[in-house]
Amino acid sequence: MSASTTAIDPRAARAAAQWLVRLHGGALTPSEQLAFQAWRASDPTHELAWQRAELVCSTLASVPPALRQTADAAPHSPQRRAVLYGLAGLIAAGPALWLASQSAPWQAWRAGIRTARGEIRHMTLPDGTQLVLNTDTAIDVRFDGAARLVDLYAGEIHVATAHDAAVPARPFLVRSGNGAVRALGTHFSVRHLGSVLAPRTQVSVSEGAVEIAPSHAPEALQRVDAGRQGSFDDVAVSALTPLALHADAWLRGVLIAERMPLGELLEQVARYRYGVLRCDPALTAMPVDGIFQLNDPDNILLLLQRSLPIRLAYRTRYWISVEVA
């Protein structure tokens, strides 16, 4: 079997990720070395996962620094969990995805400010701007004489800009892999959408206005006014649409559903919990009403099971299928 092409068992990938982080934290103790060798020898899938883990490091040179930083982090810290979760996914995924991921995942892991899955964090920037980070978000903030800049690598942020006391006033920019969003005195959200292979950035404006400049077509500048939303890739901005109902409810830690299709609701819930959440295609259009607390996504699933003709089928704690009751 080839470590570069064979599918890797997710459990073996998680264990390999843990060993990789530990090895980049320094030399193993004699007992750890024995445990490591025993793990590799105990199952062919373990050895294959380890070969794939080594291939990750040899393919993407930026991995080892991120691993060394993670090895020094607290055992249950958001930083360590985020890196282990992402690294296990890359070990299981294969080279095609690694090569398409040479920037965003590693940048997110090295980001100076991150939230864990399920965490919502409020913070104030040096100029007084209010920033809210949604679940599983990674950013860097850089203020200098030319601009106030937030780099968004993953997840979603909400920005309420403050007046800049500097003279002349510096523009406030949120930059994603697809381009830049410039605030025009406003409250707005920016979120990563799409996939690693086809990334998009969504912008929703609740007050004021913003300007979007795609990275490969800055001349395609698009203004988005309050009450509107749109998305963009490297070359173009989509048609604008009315702001989604209750789009900013997550700022208050809730998910508000009014006749929301069950499939869409579960997609939102999945953002706040680790693992896999599947929905039977026969159920995706079922309308749901309710107000749900995002800090307990598993309780949301239980509430749905009690109130709808569905059942939760658990393959593991982290793999749940929503099926017809």
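Me: What helices and strands does the chain hold, and how do you know where they run?

Reply: The chain has 9 helices and 19 strands, where helices (H or I, at least four residues) and strands (E, at least two) are DSSP runs, numbered from the N terminus. This is a predicted model, in which local features need pLDDT of at least 70 and side-chain atom pairs count only at pLDDT 80 or more, while totals for chains, interfaces and linings use all residues. Residues are numbered from 1 along each chain as its sequence is written, and side-chain values use heavy atoms, with hydrogens and water left out.

Me: What makes a residue count as buried, and what part of the chain is buried?

Reply: Buried means under 20% relative accessible area, exposed means over 50%, and partly exposed lies in between (1.4 Å probe, protein chains only). Of the 325 residues of the chain, 42% count as buried.

Me: Why is the pairing of D164 and R170 called a salt bridge?

Reply: The term requires a side-chain nitrogen of Lys or Arg within 4 Å of a carboxyl oxygen of Asp or Glu. The side chains of D164 and R170 meet at 2.9 Å, N to O, so the pair is a salt bridge. Side chains of opposite charge can pair when their charged atoms come close. By this rule the count comes to 16 salt bridges, and D164 and R170 belong, with D127 and R148, to a network of them.

Me: Are D164 and R170 buried or exposed, and how do you know?

Reply: D164 has a relative accessibility of 4%, so D164 counts as buried, and R170, at 16%, counts as buried too.

Me: What makes R223 and D225 a salt bridge, and how is each of the two residues classed by accessibility?

Reply: The side chains of R223 and D225 meet at 2.7 Å, N to O, and this distance is within the limit, so the pair is a salt bridge. R223 has a relative accessible area of 46% and is therefore partly exposed, while D225, with 34%, is likewise partly exposed.

Me: Which parts of the chain does the salt bridge of D289 and R259 tie together?

Reply: The side chains of D289 and R259 meet in a salt bridge at 2.9 Å, N to O. D289 lies in strand β17 (residues 287–293) and R259 in strand β15 (residues 254–261), so the pair ties together parts that are 30 residues apart in sequence. At 44% relative accessibility D289 counts as partly exposed, whereas R259, at 56%, counts as exposed.

Me: Which peptide bond is cis, and where does its proline lie?

Reply: A cis peptide bond joins V167 and P168, with omega about -5°. P168 lies in the loop between β6 (156–160) and β7 (172–176).

Me: How do you know whether T137 is buried or exposed, and what does T137 touch?

Reply: T137 sits in the loop between β3 (130–133) and β4 (138–143), and T137 has a relative accessible area of 2%, so T137 is buried. Not counting residues up to four places away in sequence, T137 touches I113, R114, T115, L152, A154, G155, E156 and I157, where contact means heavy atoms within 4.5 Å. T137 and Y153 are 16 residues apart in sequence and 7.5 Å apart in space, C-alpha to C-alpha.

Me: Why is helix α1 called roughly antiparallel to α2?

Reply: The axes of helix α1 (residues 10–23) and helix α2 (residues 30–42) come within 12 Å and cross at roughly 150°. Angles over 145 degrees count as roughly antiparallel (under 35 as roughly parallel, 65 to 115 as roughly perpendicular and the rest as oblique), so α1 is roughly antiparallel to α2.

Me: Which residues of α1 and α2 make the contact?

Reply: A12, A15, A16, W19, R22 and L23 of α1 make the contact with E32, A35, F36 and W39 of α2.

Notes:
Axes fitted to C-alpha atoms, helices over the stretch in contact; angles between N-to-C directions.
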